[in-house]
Amino acid sequence: MGHKVDDAALDALFRAARSFMKWQPRPVTDDTLRDLYELLKWAPTSANAAPARLAFLRSKEAKERLRPALAPLNVEKTMTAPVTVIVAYDLKFYEQLPKLFPHSPGMAKLFEGNPELTESTAKRNSSLQGAYLILAARALGLDCGPMSGFDNNKVDDEFFAAGKPCFGCDQEFFPEGHVKANFLCNLGYGDPSALHPRLPRLAFGEACSLL
Ligand SMILES: Cc1cc2nc3c(=O)[nH]c(=O)nc-3n(C[C@H](O)[C@H](O)[C@H](O)COP(=O)(O)O)c2cc1C
């Protein structure tokens with residue numbers, strides 16, 4: 001703490017990291033996915049509510065369930081990725097607050113009675129957690145391909161609707177259709193041969209003001 005990480009880490013997390021569309025035939029183990037979660041879970045969310053729910057699709061069967069929801073340009077890169085994670089959010093995240101935010105017993109009630117606040121909190125913080133996932137994946141040597149080109153309703157119906165079985169998770173995360181997809185992210189070891197030249201970014205003065 002208080003120390004800058006070295007240049008190699010900054011390159012791996014930001015400067016040299018890219019969004020990948022093609023993948024090496026190198027698998028991603030379940031242990032690596034557990035390591036990924038064990039890192040990203042520590043990053044901050046409001047009221048420590050951690051509303052993101054992550055569905056890691058690894059099998060061909062799981063990928064086929066996703067296929068009809070994908071925008072045409074995202075099909076090939078997703079079907080060939082070793083893992084696709086659905087970054088979703090739980091609209092009943094506040095039920096976990098007695099455990100996650102125990103010193104403030106009124107917090108769960110605040111969300112329970114205010115669906116607008118609940119939804120904006122779930123969306124904001126699951127987006128943050130999705131970004132933490134990308135950075136944690138890069139820190140573990142993985143590459144990412146985030147995607148918003150998909151049909152949210154189809155994904156929600158297929159994976160998170162009432163009565164759908166929970167797959168690959170230790171607990172009942174998705175029992176009643178209150179989990180909604182935010183974005184998708186392919187994970188694997190990228191094939192750099194398919195990358196296009198890097199796009200420009202806004203300069204400091206275009207995106208930032210010092211007040
Ligand atoms: C939330 C989000 C959604 C995205 N959606 C798509 C998508 O649907 N399809 C796609 O090919 N790339 C998608 N991208 C990738 C971006 O186009 C890419 O990150 C951006 O052009 C920067 O590329 P670079 O990371 O290689 O520098 C998405 C990225 C993010 C963060």
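## The second largest pocket

The second largest pocket of this predicted model has a volume of about 280 Å³. A pocket here is an open set of points on a 1 Å grid over the protein atoms alone, where a 1.4 Å probe fits, with protein on both sides within 12 Å along at least five of seven lines. Its volume is the space filled by probe spheres set on the points.

Lining residues, which have an atom within 4 Å of a point, number 13, and the closest to the centre are Ala 17, Arg 18, Ser 19, Arg 198 and Arg 201. The lining comprises seven nonpolar, two polar and four charged residues.

## The sheet and its helices

Four strands (DSSP runs of E, at least two residues) form an open sheet in the order β1-β2-β4-β3, with antiparallel pairing. Strands pair if DSSP finds at least two bridges between them. The edge strands, β1 (52–57) and β3 (143–147), each pair on one side only. Five antiparallel bridges link β3 with β4 (residues 179–188), and Met 147 stands opposite Leu 184 in β4.

Helix α4 (residues 72–79) packs on the sheet and touches β2 (83–90), β3 and β4; contact means heavy atoms within 4.5 Å.

## Salt bridges

Nine salt bridges are counted, each having a side-chain nitrogen of Lys or Arg within 4 Å of a carboxyl oxygen of Asp or Glu. One of them joins Arg 15 and Asp 11 at 2.9 Å, N to O. These residues are separated by about one helical turn, because they lie four residues apart in helix α1 (residues 7–15).

## Basis of the values

Residues are numbered from 1 along each chain as its sequence is written, and side-chain values use heavy atoms, with hydrogens and water left out. In this predicted model, local features need pLDDT of at least 70 and side-chain atom pairs count only at pLDDT 80 or more, while totals for chains, interfaces and linings use all residues.

Key. Ala, Val, Leu, Ile, Met, Phe, Trp, Tyr, Cys and Pro count as nonpolar, Asp, Glu, Lys and Arg as charged, and the others, Gly among them, as polar. Axes are lines fitted to C-alpha atoms, for helices over the stretch in contact, and angles run from 0 to 180 degrees between N-to-C directions.
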